[in-house]
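Me: I've got a structure open and want to talk it through. Can you keep it short?
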Amino acid sequence: MFAERTVGIIGGGGWLGRSIGGAMLERGVLAPAALMLSSRNGRVEGFDAWPEVRLTADNRQLAQWADIIVLSVRPEQFAAVQIEAADKLVISFMAGVSLATLMARTGSQRVIRAMPNAAAQIGRCYTPWYAAEQVSAADKRFTQAMFDSCGSADEVPSERDLDYLTGLVGAGAAYPALLAEALLAHALAKGLPQQIAENAVRGVVTEASQLLGRGGMPPAQMVQTMLDYRGTTAAGLQAMIDAGFRQSVDAGLDAAETAAWQMQERYARPDN
């Protein structure tokens with residue numbers, strides 16, 4: 001437990017701030033009295049089990065009280081967050097807001113950018129994060145522990161890497177959901193009953209994919225193994241590949257990365 005640290009989550013009433021705050025308490029990363037959550041109305045659901053957690057509607061009060069300030073708000077809301085972080089550790093979950101912009105607007109040089117996603121709600125979130133040079137080893141240990149409490153995490157070598165991973169990891173379940181939507185639509189078009197089609201798609205996308213989990217088979221090996229069987233799966237895979245499946249994925253991830261860079265330029269302007 002990081003008993004000596006106090007943590008304030010701006011946007012603690014949102015799904016992400018609430019999930020990560022709760023995970024830190026459940027895993028013993030923080031004591032309840034060391035956590036403050038801010039929301040517009042000063043109320044946050046889901047913390048009845050920890051009455052010592054502090055709640056506020058005043059971000060300035062939170063920034064004064066906390067040693068570590070977590071920014072769990074949407075990028076377009078950042079301009080309305082008026083805080084002075086001085087030399088405190090600032091951890092941002094915002095896509096497309098650069099270290100330079102965060103430093104300029106918070107007054108802190110100890111800044112970390114991270115990209116968690118919706119899987120934090122179920123303790124299965126993978127979070128890449130990148131730290132400014134001024135961030136200490138103790139700051140990094142806390143950051144890793146915070147994200148490990150709701151899944152797993154890696155410190156990445158560069159801010160550019162984080163911008164790329166914003167499009168890949170920040171999507172959470174969205175890319176698998178797109179695949180599931182396409183599979184479901186095809187199954188329904190073939191006349192399968194709705195419930196059976198949904199069960200079949202979940203079995204493929206959420207259950208069978210567990211074979212690719214940590215310690216499981218590498219994706220390329222799985223694909224090649226199925227192709228080598230030369231059966232129905234091989235026929236389906238080869239048709240998808242020939243139709244440009246991989247090129248479509250490349251285009252999507254490139255577009256997401258470009259959007260992250262464009263956001264950095266937009267939110268670097270003083271009026272955003």
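Me: Let's start with Trp 50. Is it buried or exposed?
Reply: Trp 50 counts as buried, because its relative accessibility is 18%. Buried means under 20% relative accessible area, exposed means over 50%, and partly exposed is in between (1.4 Å probe, protein chains only).

Me: What am I looking at, a prediction or an experiment?
Reply: This is a predicted model: local features need pLDDT of at least 70, side-chain atom pairs count only at pLDDT 80 or more, and totals for chains, interfaces and linings use all residues. Residues are numbered from 1 along each chain as its sequence is written, and side-chain values use heavy atoms, with hydrogens and water left out.

Me: OK, rings. How many aromatic pairs are there in the whole structure?
Reply: A search of the whole structure gives two. Rings of Phe, Tyr and Trp (its six-membered ring) pair if their centres lie within 6.5 Å; planes under 30 degrees apart are stacked, over 60 edge-to-face, and the rest tilted.

Me: Why is the pair of Phe 47 and Trp 50 called tilted?
Reply: Their planes are at 55 degrees, so the pair is tilted. The ring centres are 5.8 Å apart. Phe 47 is buried too, with a relative accessible area of 6%.

Me: And the other pair?
Reply: That one is Phe 93 with Phe 147, also tilted. Centre to centre is 5.9 Å, with 50 degrees between the planes.

Me: Where do Phe 93 and Phe 147 sit in the chain?
Reply: Phe 93 is in the loop between S5 and H3, and Phe 147 is in helix H4 (residues 137–148). Helices (H or I, at least four residues) and strands (E, at least two) are DSSP runs, numbered from the N terminus. Both Phe 93 and Phe 147 are buried.

Me: New topic. Which strand holds Ser 92?
Reply: Strand S5, residues 89–92. Ser 92 is buried, at 0% relative accessibility.

Me: What does Ser 92 touch?
Reply: Leaving out residues up to four places away in sequence, Ser 92 touches Leu 71, Leu 102, Ile 112, Arg 113 and Ala 114. Contact means heavy atoms within 4.5 Å.

Me: How do S5 and S6 pair?
Reply: In the parallel sense, over three bridges. Two strands pair if DSSP finds at least two bridges between them. Ile 91 stands opposite Ile 112 in S6.

Me: And S6 with S7?
Reply: S6 and strand S7 (residues 125–131) run antiparallel, joined by three bridges. There, Ile 112 stands opposite Ala 131.
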